[in-house]
Amino acid sequence: MASTTSRTTHPVLDTRSLNRATLARQLLLSRAEMPAKDAVAHLLGLQAQNVKPPYFQLHARLAGFRPAELAGLMESREVLRIVTMRSTIHTHTAQDALTLRPLVQPARDREVNNFRKGLVGVDLDRLAGLARDFVEEEPRTMGEIREELLKEWPDADPQSLSVAARCRLPLVQVTPRGVWGRSGQVRLTTLGVWVGAEAEAGVGAGAGAGVEGEVGEVDDGAVAVDDAVLRYLGAFGPASVKDMQTWAGLTRLREAFERLRPRLVVFQDENGVELFDLPEAPRPGADVPAPPRFLPEFDNLLLSHADRTRVIAPELKGRTWTGNQAHCVLLLDGFLAGLWKLDGNVLTVELFEPVGSLGSLGSFESSSGATKDRRAEIVAEGEVLLAAMAEDGAGGSVRFGSIHG
């Protein structure tokens, strides 16, 4: 297996330089003048395990964003919710769903293999066909899919049948699920039916990929993987092979990086790990200001690298979770510095340390004046969030304290 450690001396990018480069790709150094659909595509989707986070992700990144813009894209089926990277729900453009869902099919096949004990005697091709017919007749809940499959295999494990259907088919969560201001049970149909795309024929067949989470050597698949690598670097670079594998939930992507090496620039981090990047991608200086940003739970900025120290200081590892509950996070000077919670029209901010003592982030001063200024910046950004995202449009107030209080 090829080592992830560079054997050649490349220019070194320190942590702050990596931080600024990543924030620039993620549209977090300054809000972009960009339509929401273009932003969803640029970011290769938005993690969407819950309904509201994609809206808050775009608010943090786009000038003038309002929830109605993304809601309209959901209702017009230009953007949709589907399981892709890391076996989690993402909000994607329809076109990206068609290209990224096949890319991660090997990981879905591996997931099914983990449930084989509950699928003894089950013909997975027949299961996929029956489930497809059932959900294409009309959108169904996962419980309804499970009950339908139990008719054919009454002795199988119900959960394993559900997992197999979800993994073998590209299932879309249909609206009103995911639409801001509306509610709806999770109901599923196939990607092809939802977007009316003939191209969906190859989705779920493992096209261009091998087994057990390994990318194969089919020419069309290699092209698709290479394109995904370039786009990943555009949104999350500079990055290592392991970084992208973490983002995608796949293994053995080094071959693609090696194919692309002549088209890429190569750096190394302070530990000597090779970092690949697009030649013309932005890499701002380490001293470029990074404004406060409120990010929702499951933001891909925090989940898409094997080494997350470019955003999360080692001493803060694990602070964004309590049990299995992810928290909304506050970035100060580009790094994780606290948590937040929106309750009605009250935005509560919990800082890990007083802002005047957060010297580990690189640029905070310890004077009371600097502390006051930083708190004012946090409040100002919080008020921007409240004005745009408070459900009744009435704005609200920002307070400092415990989010558990």
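Student: In this predicted model, which residue of E3 is the bridge partner of isoleucine 82?

Tutor: The bridge partner is histidine 90.

Student: Why are E2 and E3 said to pair?

Tutor: Pairing requires at least two bridges between the strands. E2 and E3 share five bridges in the antiparallel sense, so they count as a pair. They also form a hairpin with five residues between them, and arginine 86 in the turn has a positive phi of about 60 degrees.

Student: Why are E1 and E3 said to pair?

Tutor: E1 and E3 have two bridges, in the antiparallel sense. The cut-off is at least two, so this counts as pairing. Leucine 46 has threonine 91 of E3 as its bridge partner.

Student: What is the strand order of the open sheet, and why do E1 and E5 stand at the edges?

Tutor: The open sheet has five strands in the order E1-E3-E2-E4-E5, with antiparallel pairing. Strand E1 (46–47) and strand E5 (188–190) each have a single partner strand, so one side of each is left without a neighbour in the sheet. For E5, the pairing with strand E4 (residues 171–173) runs over three bridges in the antiparallel sense, and glutamine 173 has leucine 188 as its bridge partner in E5. Helix H4 (residues 67–75) packs on the sheet and touches strand E2 (79–83) and strand E3 (89–93); the direction of H4 makes about 75 degrees with that of E2.

Student: Why is E3 called mostly covered?

Tutor: Buried means under 20% relative accessible area, and five of the five residues of E3 are buried. Ile89, Thr91 and Thr93 point one way from E3, while His90 and His92 point the other way, and all are buried. In a regular strand, side chains alternate between the two faces of the sheet.

Student: Is glutamate 270 buried or exposed?

Tutor: Glutamate 270 has a relative accessible area of 54%. The cut-off for exposed is over 50%, so glutamate 270 is exposed. Glutamate 270 lies in the loop between strand E6 (265–268) and strand E7 (274–277).

Student: What makes the pair of glutamate 270 and threonine 15 a polar contact?

Tutor: Their side chains make the contact at 3.2 Å, and the limit for the N or O atoms is within 3.5 Å. Leaving aside neighbours within four places in sequence, glutamate 270 is in contact with Val12, Leu13, Asp14 and Thr15. Glutamate 270 and leucine 13 are 257 residues apart in sequence but 6.8 Å apart in space, C-alpha to C-alpha.

How values were computed:
Residues are numbered from 1 along each chain as its sequence is written. This is a predicted model: local features need pLDDT of at least 70, side-chain atom pairs count only at pLDDT 80 or more; totals for chains, interfaces and linings use all residues. Side-chain values use heavy atoms; hydrogens and water are left out. Helices (H or I, at least four residues) and strands (E, at least two) are DSSP runs, numbered from the N terminus. Contact means heavy atoms within 4.5 Å. Axes are lines fitted to C-alpha atoms, for helices over the stretch in contact, and angles run from 0 to 180 degrees between N-to-C directions. Buried means under 20% relative accessible area, exposed over 50%, partly exposed in between (1.4 Å probe, protein chains only). A polar contact is a pair of N or O atoms within 3.5 Å; within protein, one must be able to donate a hydrogen and the other to accept it, and residues adjacent in sequence count only if both atoms are side-chain atoms.
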